[in-house]
Amino acid sequence: MRIGTGYDVHRLVSGRKLVLGGVTIPFEKGLLGHSDADVLVHSVCDALLGAAGLGDIGLHFPDTDPEFKDIYSMKLLAMTYKLVSERGFSIVNADATVFAEAPKLFPYREEMRKNIADILETGAERINIKATTTEGLGMIGKGEGIGAMSVVLIDG
Ligand code: MG
């Protein structure tokens, strides 16, 4: 068994789609980034890479590479999972928390879980997604960005 953690933050701006856990969520702003800036999926990728001892997302998918411009981050998760699974690892479970003042993410939680579980070839009951605000405090509380933290356990 091996464990890894992931953490990511992206800035919220006008004129971008908000994509979290592979779900496009109606909101007046979206996350800025080289990819679709799916902060939740990025934190899961980093946790997977961390557990397998394979570095981090920036090492494998640099934000200077045009191949990854505006890429759907579920594709990055699929590529990350390939790196991990071809080394003989499978997913035990993943637990993630999204930090966002708005919008409310609860209605999208099950779809996010299923999206991530499908890519990781596991059941949705092994993927947990939580959401919290920061009670109006700091950059996330002011609505300047959204953050995410993940832990993934792998076996192999
Ligand atoms: Mg990121």
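Which element gives the largest share of the lining of the second largest pocket? Keep that in mind; the tour reaches that site at its second stop.

**Before you start**

This is a predicted model: local features need pLDDT of at least 70, side-chain atom pairs count only at pLDDT 80 or more, and totals for chains, interfaces and linings use all residues. Residues are numbered from 1 along each chain as its sequence is written, and side-chain values use heavy atoms, with hydrogens and water left out.

Helices (H or I, at least four residues) and strands (E, at least two) are DSSP runs, numbered from the N terminus.

**Stop 1: the largest pocket**

Select His 10, Ser 35, His 42, Phe 61 and Asp 63. Of the 15 residues that line the largest pocket, these are the closest to its centre. The space in this pocket is about 240 Å³. A pocket is an open set of points on a 1 Å grid over the protein atoms alone, where a 1.4 Å probe fits, with protein on both sides within 12 Å along at least five of seven lines; lining residues have an atom within 4 Å of a point. Grid points are joined across faces, edges and corners, and the volume is the space filled by probe spheres set on the points.

Now colour strand E1 (2-14), helix H1 (39-52) and helix H2 (57-60). Each supplies at least two residues of this lining. E1 gives the most, with 3 residues. By class, the lining has 6 nonpolar, 6 polar and 3 charged residues. Here Ala, Val, Leu, Ile, Met, Phe, Trp, Tyr, Cys and Pro count as nonpolar, Asp, Glu, Lys and Arg as charged, and the others, Gly among them, as polar.

**Stop 2: the second largest pocket**

Select Lys 104, Leu 105, Phe 106, Ala 131 and Thr 132. They lie nearest the centre of the second largest pocket, which is lined by 15 residues. Helix H4 (109-119) and strand E6 (127-132) are the elements that give two or more residues to its lining. The opening question is settled here: E6 provides the largest share, 4 residues. The volume is about 180 Å³. The lining divides into 9 nonpolar, 2 polar and 4 charged residues.

**Stop 3: H1 against H3**

Show H1 and helix H3 (residues 73-85). They pack at an angle of about 10°, with their axes 9 Å apart. Axes are lines fitted to C-alpha atoms, for helices over the stretch in contact, and angles run from 0 to 180 degrees between N-to-C directions. H1 is therefore roughly parallel to H3 (angles under 35 degrees count as roughly parallel).

From H1, the contact uses Val 41, His 42, Val 44, Cys 45, Leu 48, Leu 49 and Ala 52. From H3, it uses Ser 73, Met 74, Leu 76, Leu 77, Thr 80, Leu 83 and Val 84. Contact means heavy atoms within 4.5 Å. The residues of this contact divide into 11 nonpolar, 3 polar and no charged.

**Stop 4: backbone details**

Go to Pro 103, in the loop between strand E5 (90-99) and H4. A cis peptide bond joins Ala 102 to Pro 103, with omega about -5°.

Next, take Ala 37, in the loop between strand E4 (29-31) and H1. Its phi is near 65°, a positive value in a residue other than glycine. Is Ala 37 buried or exposed? Ala 37 is buried, at 0% relative accessibility. Buried means under 20% relative accessible area, exposed over 50%, partly exposed in between (1.4 Å probe, protein chains only).

Then pick Glu 121, in the loop between H4 and E6. Glu 121 is not a glycine, yet its phi is positive, about 55°. Glu 121 is exposed, with a relative accessible area of 62%.

**Stop 5**

Select Phe 27, in the loop between strand E3 (23-25) and E4. Phe 27 is partly exposed, at 26% relative accessibility. Leaving aside neighbours within four places in sequence, Phe 27 is in contact with Leu 12, Leu 18, Ala 102 and Pro 103. The last two are the residues joined by the cis peptide bond.

Move to Leu 20, in strand E2 (residues 18-20). Leu 20 is buried, at 0% relative accessibility. Not counting residues up to four places away in sequence, Leu 20 touches Ile 25, Leu 31, Asp 38, Val 39, Leu 40, Leu 105, Met 112 and Ile 146.

Finish at Arg 109, in helix H4. Arg 109 is partly exposed, at 25% relative accessibility. Draw a line from Arg 109 to Gly 21: they are 88 residues apart in sequence and 8.4 Å apart in space, C-alpha to C-alpha.

Key
Parallel < 35°, antiparallel > 145°, perpendicular 65-115°, else oblique.
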